[in-house]
Amino acid sequence: MTHKVDVTQALIELSAGDSQALDRVLPAVYDHLHRLAERELRRERVDHTLSPTALVHEAYLKLVQLDRISWEGRAHFFGACAQVMRVFFAAGGRMIDSSPMYGSSQEVIGYGLRKLGKPDPLFSADKVWLSSGARGPAQIETSRRRWDVPRFDLLQIHNLLSWEEHLATLVRMKAEGRVRYVGITTSEGRRHRDIERIMAREPIDFVQVTYNVLDREVERRILPLARERGLAVIVNRPFREGALIRQVERSPLPAWAAEIGCRSWAQFLLKFIIAHPDVTCAIPATGNVAHVQENMSVARGMLPDAAMRARMAEYVEAL
Ligand SMILES: NC(=O)c1ccc[n+]([C@@H]2O[C@H](COP(=O)([O-])OP(=O)(O)OC[C@H]3O[C@@H](n4cnc5c(N)ncnc54)[C@H](OP(=O)(O)O)[C@@H]3O)[C@@H](O)[C@H]2O)c1
């Protein structure tokens, strides 16, 4: 109810020319927009990898770019993202993963990195996502300029799109010292056979897949293969875009979660992932400072052993 009153008032002020009113509207409608975006995306074709967060941020940027709104709104939004990055680095975070398909994400990262004075520990990961292999190098160069980094640490072929052509480009770039590592990505269990074939035969360093307490298909073949081939594993969708947290939060966290230092479901879900011996890192998405702190806290303290991980999975499956 309070939100309704605030939004109505802010919209009146916005139409009266108060550019800062938009900044007051967004927090009030953010969750609702996020849920709407999620619902719309469920109707998209199954292989899309758009994220509701990126969609909401895009919508916001379009709003704040309206002629009658000052640049303050955009600066405020970019500043908030930079604050999330500041907290991430302060908590020991290193890896930031983006893609040309994640809306304004690359510009936001570039802004944040400049604002934070180009933090040293950064491990920059981006992707090439194009059906044309010939246009791959230009897309990568555009991404690099947006991030404003001398070179990427890792370049991945997003969802294996035109992977043969892009792989040739990335391997050449690696040989020339223009990228440190080469990888491939998929999500939600798609094209695992192809992923396995590429992991087994091609000169890649990283593989990015979906893994969480309920999506465990990669445990059967992909994680063991990564270990055998010495490949690093990045885990995407640790929270199923937040849906998994909302699902488990309807039930209480088990008392024994305290034994492995978990005070929240987000910590429980992340510890399950990063404790797997073949997982290199997880990349939870967030635009929320408190969530960055909570997510980064799992990197310290106790991690579950194999028996505890089995107990965690059993508990969540039974909810
Ligand atoms: N094929 C691919 O290459 C591919 C596909 C999908 C995803 N990815 C990568 O994986 C990343 C993450 O996956 P994802 O975007 O699917 O989302 P995710 O990390 O599974 O979930 C993100 C959602 O969880 C919420 N969240 C984060 N921390 C939280 C906490 N501590 N407590 C409560 N809620 C929390 C976030 O909301 P708040 O903002 O409110 O915190 C956001 O709505 C993406 O950013 C992308 O880099 C790659």
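The model is predicted.

The protein chain holds 13 helices and seven strands. Of its 319 residues, 33% are buried. Among contacts in the protein chain with a separation of 6 or more, 72% join residues 24 or more positions apart.

The seven strands form an open sheet. Their order is β1-β2-β3-β4-β5-β6-β7, and the pairing is parallel. Strands β1 (95-97) and β7 (281-282) lie at the edges. Each of these two pairs on one side only.

Strand β2 covers residues 123-128 and runs parallel to β3, with four bridges joining the two. V128 stands opposite I157 of β3. Helix α7 packs on the sheet and touches β2, β3 and β4. The direction of α7 makes about 160 degrees with that of β4. Between β2 and β3 the chain crosses through helix α6. This β-α-β crossover is right-handed.

Strand β3 spans residues 152-157 and pairs with β4 in the parallel sense, over five bridges. Residue L154 is bridged to Y181 in β4. From β3 the chain passes through helix α7, residues 163-175, to reach β4. This β-α-β crossover, too, is right-handed. Strand β3 is mostly covered, with five of its six residues buried.

Strand β4 takes up residues 179-185. Five of its seven residues are buried, so β4 is largely enclosed by the rest of the structure. On its other pairing, β4 joins strand β5 (residues 206-210) in the parallel sense over three bridges. Here I184 has V207 of β5 as its bridge partner. The chain crosses from β4 to β5 through helix α8, residues 192-201. The β-α-β crossover is right-handed. In a regular strand, side chains alternate between the two faces of the sheet.

Helix packing was examined next. Two packed helices are described by the angle between their axes and the distance between the axes. Helices α8 and α9 (residues 222-229) pack at an angle of about 10 degrees. Their axes are 10 Å apart. Angles under 35 degrees count as roughly parallel, and α8 is therefore roughly parallel to α9. On the α8 side, the contact is made by H192, I195, E196, M199 and A200. Helix α9 contributes I222, L225, A226 and R229. By class, the contact of α8 with α9 has six nonpolar residues, one polar residue and two charged residues.

Helix α5 supplies Q106, E107, I109, G110 and L113 to the contact. Helix α6 supplies S143, R146 and W147. The residues of the contact of α5 with α6 divide into three nonpolar, three polar and two charged. Helix α6 also carries the chain from β2 to β3.

A243 lies in helix α10, which covers residues 243-248. A243 has 12 other C-beta atoms within 10 Å and is exposed. The cut-off for an exposed residue is 12 or fewer such atoms. A243 and E38 are 205 residues apart in sequence. In space, their C-alpha atoms are 9.4 Å apart.

Technical notes: Residues are numbered from 1 along each chain as its sequence is written. This is a predicted model: local features need pLDDT of at least 70, side-chain atom pairs count only at pLDDT 80 or more; totals for chains, interfaces and linings use all residues. A residue is buried if 20 or more other C-beta atoms lie within 10 Å of its own, exposed if 12 or fewer, and partly exposed in between; C-beta atoms are placed from the backbone. Two strands pair if DSSP finds at least two bridges between them. A crossover is right-handed if, with the strands pointing away from the viewer, the path from the first strand over the helix to the second runs clockwise. Axes are lines fitted to C-alpha atoms, for helices over the stretch in contact, and angles run from 0 to 180 degrees between N-to-C directions. Angles under 35 degrees count as roughly parallel, over 145 as roughly antiparallel, 65 to 115 as roughly perpendicular and the rest as oblique. Two residues are in contact if their C-beta atoms, placed from the backbone, lie within 7 Å. Ala, Val, Leu, Ile, Met, Phe, Trp, Tyr, Cys and Pro count as nonpolar, Asp, Glu, Lys and Arg as charged, and the others, Gly among them, as polar.
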